[in-house]
Amino acid sequence: MKNSFFKLSILFFVVWFLAGSKGEAATVDWQINQLPNFNNSLLVTLNLDTDGQSLNTFAGSLLFDAHLLELRSASDKNSIIKLWLDQPALKTDKVIFSGITPNGFAGQGKILTLLFNYKNGDLNQALKSIKIGHFQAYLNNDQAEQAAVKIKPAAIVSYLDTQVSKNLIIDTLAPDISDLQLVKDPFSNKFLLIFKATDADSGLAYSAIYISSEILSSDNPSEFNRQVKWTKTNSPYLLESDYSSQQIYLKAVDNQGNVKIIKLSTANRWSWYELVCLLFIIIVSIMIFRRLFSSSF
Amino acid sequence: MLICPLAGSANIAESTHYNLIDAGTFSGGYSSSGNFQLNGAVGQISIGTSTDTSLDLKSGLLYYPSVTVPTVTAVAGDSQVALSWPAAVGTLGWTVGSYDVGWSAISGGPYNFISNGLSLSYTKTGLTNGIRYYFVVKIKDALGSAIATTTQVSAVPIEPDSPGGGGGSSGGGGCTRKGDLNNDCKVNLVDFSIAAYWYRRQLIGAIIATEKQKLSGDSKIDLTDFSLIAYYWTG
């Protein structure tokens, strides 16, 4: 009897230890803020605690009731995700996002910030409708293993007023376009135009491309207002044909309508000073020939 | 001059001057002479279709002996490539006697061959990592004559994964690193962008062409591949 009690005690402690012990798991900690100075606005911030693990790839979705809420912008300012595979955006009835952090991220950091307008109706209903659909993270190792992830319930914080939230709504700075590269795709042997379009405050709304033989000034966006058919695109953009004689323009627009346009000079055209130089050479050549011709006779 | 039906391979009936009056059992491609004439039955007879008592001679395409040509699978490893294939099956008298494995660093050969008996697998070792090698398997009959050759397959031996620094070169064969899709020995924004392009194309049904071994090797591009790119990132 005493022996049985001893065995049961050991079994109890083993079960208790196994149940009590837990493996490493990243935690998605997210909060919803009401903005006091901007009525009908809700700020949703997704944060991640990697629990000491190094993670490098992230993907997720956020659900909400489109009858009660409208996505106004998505900001990746100070995000731990450095390259977006899917820039945070509304697709059908949810916000989806995915991206990577080269060499991994370990610690606590922000994933993204979403700004919603809530329409008519019950605010509490609107708040309750916001849910994380799914969240995946991958360990930064050569096995690309999926990390265990826990999602905490949302923390609803009222009336948080920060500079970040103001910048989301009052943004006058144009987006940025960087890391431009033209590389050959080894699989299709066509050229891919790589670029990085970002906006630090209100977030990038979209980027677009325009290819034409027409020369427009990227310093004067009004030139592009007339009959310019922009094609919305993400990086990379596949150049389907030879664009050596074309002008390529890239545009980035943020959620507050600020615009940045840049021109990639691929067309091999003569500049004005080259034309003047050519004209000078022709005139001098004619003069030399005339002199030679007149002296020979 | 050969005047009797001949059962055997064409190597036996190879001459620059003979006339073959009656057909023998030999397969296409053996008769390399530019001068001999083949008289009599156009088709070849096979074992069992003619007998001594009836001299029943049947000719025609239906009676050509044939052999199935297997598909070779090549799996790259460290300085080696493992090949495997299902058994070739002969019909109408052809019996598979052995397989020769050929390899070359040049697509289309010439190949170096090694006899592999009747084994259905072979691992070619001592290869240089990072170089693409091409392989074929030659099927031989019981008399040792080649009767079919498989379609060429290729593979690039890869060195064990080493994250971060290091050139990754081995024996002058260049560098091989998972995620280095444009072979510039770096894993960076370019590779991420190429993978992202094909990831999006894949979503609409397009299929990535090749070079699967540079990603996770599962013939599709998904988040695990981007995780590998992020891990091997050299910037």
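Residues are numbered from 1 along each chain as its sequence is written, and chains are lettered from A in the order in which they are written. Because the model is predicted, local features need pLDDT of at least 70 and side-chain atom pairs count only at pLDDT 80 or more, whereas totals for chains, interfaces and linings use all residues.

**View 1. Confidence along chain B.** The predictor's confidence in each residue, called pLDDT and running from 0 to 100, averages 70 in chain B, where 58% of the residues score at least 70. Where pLDDT is low, the predicted coordinates should not be read in detail. For the model as a whole, the scores are ipTM 0.71 and pTM 0.56.

**View 2. The side of chain B that touches chain A.** Here 28 residues of chain B are in contact with 28 residues of chain A. Helix 1 (189-203) and helix 2 (223-231) of chain B each supply at least two residues of this side of chain B, and helix 1 gives the most, with 9 residues. The residues of this side divide into 19 nonpolar, 7 polar and 2 charged, where Ala, Val, Leu, Ile, Met, Phe, Trp, Tyr, Cys and Pro count as nonpolar, Asp, Glu, Lys and Arg as charged, and the others, Gly among them, as polar.

**View 3. Helix 2 of chain B.** Because 8 of its 9 residues are buried, helix 2 of chain B is largely enclosed by the rest of the structure; a residue is buried if 20 or more other C-beta atoms, placed from the backbone, lie within 10 Å of its own. Among the buried residues of this helix are Leu223(B), Asp225(B), Phe226(B) and Tyr231(B).

**View 4. An open sheet in chain A.** The 4 strands of this sheet have the order 5-6-3-8, with antiparallel pairing, and two strands pair if DSSP finds at least two bridges between them. Strand 5 (83-91) and strand 8 (131-139) of chain A stand at the edges with a single partner strand each, so one side of each is left without a neighbour in the sheet. Strand 5 and strand 6 (residues 94-105) of chain A are joined over 6 bridges, and Ala89(A) stands opposite Ile96(A) in strand 6.

**View 5. The largest nonpolar core.** A nonpolar core is a set of buried Ala, Val, Leu, Ile, Met, Phe, Trp, Tyr and Cys residues joined through C-beta atoms within 7 Å. The largest has 74 residues, and those that touch the most other members include Leu55(A), Ile100(A), Ala195(B) and Ile229(B). Helix 1 of chain B gives the most to this core, with 9 residues. Leaving aside neighbours within four places in sequence, Ile100(A) is in contact with residues including Ile81(A), Leu85(A), Phe192(B), Phe226(B) and Ile229(B).

Key:
Contact = placed C-beta atoms within 7 Å. Buried ≥ 20, exposed ≤ 12 C-beta atoms within 10 Å, placed from the backbone.
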